[in-house]
Amino acid sequence: MQAATQADQLCADALSAVSLNPGDITKEQAQNAQSAAVRKAVEEMRDQLPDGLPPQEVGKWWQALTPQRQLQLRLAAPVELYDLPGIPADVKAQLTNNGKGYNPIEAVRWAYANAPNEGVNRFPNNCALFVSESLRAGGLSEVAGRWSKEHWADPIPNMPSVHIPFSERNFDADQYRYTKSWYNADEQRSFLINCGGSSVPLSQARPGDVIYFNWSDSAAHGGEVSHHAAIVSSVLPNGEVLYTQHTPGATNYSLEDRLPIRLQDQDPQTVVVIRPPGAQ
């Protein structure tokens, strides 16, 4: 218990250390400092995991934790916890959604691995495409004609005799390859909601959920319109939601009380968290 309390304090100290005066530094410097603070806070949570212990000892360690501490670790370091030998099978099943169609662990794992990967880029802005690929890695099934993409060797719809190598494809060709909900944040949000997903309060966000950044100025944008999407990848013990995104690639960016990269110098905005279909 004492070690857990110390880890909580170290996590809190890492976040509070980024008290910045915007008049003294640039926006880029502030973002870098905040990113470093969040990374340190996440590392403090991950360092609580007993890497290297025999699986039997890991099981005993887990059982000795309070339910609150177990939940904090599940939210803050889900992939690392799942990969730790000795974590009970029922805990791993809960982390992976009990095989009910969507595995948030694999979605977050894919997001971590590919946030900086420019090889996934297909459009000028690939945030929603990145989320779609993460969701598919998590086992969310494509829905033909609504949320899907053609395979590399498939002909372009309405052009059955034309096969265009990836290296020669451009934005216009990719428009035919993907449904709009695959690469457009607003269309993607609508698809998830209409196919069994649900909106959840920010306070209930958990890894594997999708967070959308919306214009809230109805006069300027015709109502709430999602313009950016990211994967919720970690939630710290203080409730701070972290997300992993693409275009630009970023891992575990902070949403609350920091300088979220997509909320800089922009019109008034809101965020909404969507739990994908099949997630419990």
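The structure described here is a predicted model.

By this criterion, Arg69, Gln70, Gln72, Leu73 and Ala76 of α4 are buried. These residues lie on the same side of α4, because they cover an arc of only 160° around the axis. The face turned away from this buried side carries Pro67 and Gln68, which are exposed.

## Packing of α3 against α4

Helix α3 spans residues 55-64 and helix α4 spans residues 67-76. Their axes are 8 Å apart, and the two helices pack at an angle of about 115°. On the α3 side, the contact is formed by Trp61, Trp62 and Gln63, while α4 contributes Gln70, Leu73 and Arg74. By residue class, the contact comprises three nonpolar, two polar and one charged.

Strand β2 (residues 210-215) is largely enclosed by the rest of the structure, because six of its six residues are buried. The burial extends to both faces: Val210, Tyr212 and Asn214 lie on one side, and Ile211, Phe213 and Trp215 lie on the other.

Two strands pair with β2. Strand β3 (residues 225-235) is antiparallel to β2 and is paired with it over six bridges; within β3, Ser226 is the bridge partner of Asn214. Strand β6 (residues 269-275) also runs antiparallel to β2 and is joined to it by six bridges. Here Ile211 has Val273 of β6 as its bridge partner.

## Nonpolar cores

The largest nonpolar core contains 43 residues. The members that touch the most other members are Trp61, Trp62, Leu73, Ile87, Leu135, Leu192 and Tyr212. Helix α8 (residues 127-137) supplies the largest share of this core, with six residues. A second, separate core has 13 residues, among them Val235, Ala250, Leu255 and Val273.

Val273, a member of the second core, is the bridge partner of Ile211.

## Surroundings of Tyr212

Leaving aside residues up to four places away in sequence, Tyr212 touches Ala185, Gln188, Arg189, Leu192, Ser226, His228, Ala229, Thr270, Val271, Val272 and Ile274. One of these, Leu192, is also named with Tyr212 among the core members that touch the most others. Another, Ser226, is the bridge partner of Asn214.

Key: Residues are numbered from 1 along each chain as its sequence is written. This is a predicted model: local features need pLDDT of at least 70, side-chain atom pairs count only at pLDDT 80 or more; totals for chains, interfaces and linings use all residues. Side-chain values use heavy atoms; hydrogens and water are left out. Buried means under 20% relative accessible area, exposed over 50%, partly exposed in between (1.4 Å probe, protein chains only). Helices (H or I, at least four residues) and strands (E, at least two) are DSSP runs, numbered from the N terminus. Two strands pair if DSSP finds at least two bridges between them. Axes are lines fitted to C-alpha atoms, for helices over the stretch in contact, and angles run from 0 to 180 degrees between N-to-C directions. Contact means heavy atoms within 4.5 Å. Ala, Val, Leu, Ile, Met, Phe, Trp, Tyr, Cys and Pro count as nonpolar, Asp, Glu, Lys and Arg as charged, and the others, Gly among them, as polar. The arc is that of the directions from the helix axis to the C-beta atoms. A nonpolar core is a set of buried Ala, Val, Leu, Ile, Met, Phe, Trp, Tyr and Cys residues joined through side-chain atoms within 4.5 Å.
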